[in-house]
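Please open the structure in the viewer and keep the sequence at hand.

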Amino acid sequence: MTTQGGASSKGKVSEARQRLLRTAGQLFYAEGIHQVGVDRLVAEAKITNATFYRHFRSKEELAVAYITGVDEAIRAQINALAAAETSPVEILSGIGVSLVDQMRSPGYRGCAFVNAAAEFPDPDHPVHRAVVRHRRWFLETVTSLFAAITTAEAEHAGRHFVMIRDGAMSAGYLEDPVSAGETLLRGIEGLLRIHAARGQDEHTPPVSRTPPQAMATGLPGIECGPPSA
């Protein structure tokens, strides 16, 4: 007997599930969750209806797995950087550079989390709750990075960072992605500089002013969308 985790034909089951998740992620992000039906998912993932329902009881359950997968990829990357003792400034700057790269890539449609929340506005819906969980974690993580620079008004800086990111990602889709990206990098650079200045009285080394285009390299995996391949 084969379960969702893959008991008897573990390799094949795992491969089919991963292929379905990849297909769903690409289609949900490009076209919207409501616009893509189960028949389309089954056909493009090259699986059967039985395989689909063996893994997911409904398309909405698959949508939760899609959002959760994007969330887990971002968490893993940031946690790995923190474990490697990458500086908070490098992580925060790198998040911005990575988002700029994503905004300028073909097929960019904004933030997958914001898009999913718009499709599922009911706060009690599992998809909406998955989005909220990610955003809560992201805000807490960014706030902790600012607190590592200086605890002075770190919560304010964290909220400010998330709002800058949200606005830039929307503008990058609806308007000019190049201009939106430059604005995002300048906003993050200014926020880091101002925040570091708050901690100078606490003997915290200040963050030097760095041109936005030279702030940092991007961090792979820090994206608000599914992998492109």
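Select helix 5 and helix 8 first: helix 5 passes helix 8 in a right-handed crossing, meaning that the near helix is turned clockwise from the far one by less than a right angle. Helices here are DSSP runs of H or I with at least four residues, and strands are runs of E with at least two, numbered from the N terminus.

This is a predicted model, in which local features need pLDDT of at least 70, side-chain atom pairs count only at pLDDT 80 or more, and totals for chains, interfaces and linings use all residues. Residues are numbered from 1 along each chain as its sequence is written, and side-chain values use heavy atoms, with hydrogens and water left out.

Next, look along residues 88-103 (helix 5) and residues 154-174 (helix 8), whose axes come within 10 Å and cross at roughly 10°. Helix 5 is therefore roughly parallel to helix 8, a term for angles under 35 degrees. The axes are lines fitted to C-alpha atoms over the stretch in contact, with angles from 0 to 180 degrees between N-to-C directions.

Now display the side chains where the two helices meet. Helix 5 contributes Leu92, Ile95, Leu99, Gln102 and Met103, and helix 8 contributes Phe161, Arg165, Ala168, Met169 and Gly172; contact means heavy atoms within 4.5 Å.

Finally, select the entire protein chain, which has nine helices and zero strands. Of its 229 residues, 45% count as buried, that is, under 20% relative accessible area with a 1.4 Å probe, protein chains only. Among contacts between residues at least 6 apart in sequence, 71% join residues at least 24 apart.

Conventions. Parallel < 35°, antiparallel > 145°, perpendicular 65-115°, else oblique. Buried < 20%, exposed > 50% of the residue type's maximum accessible area, 1.4 Å probe, protein only.
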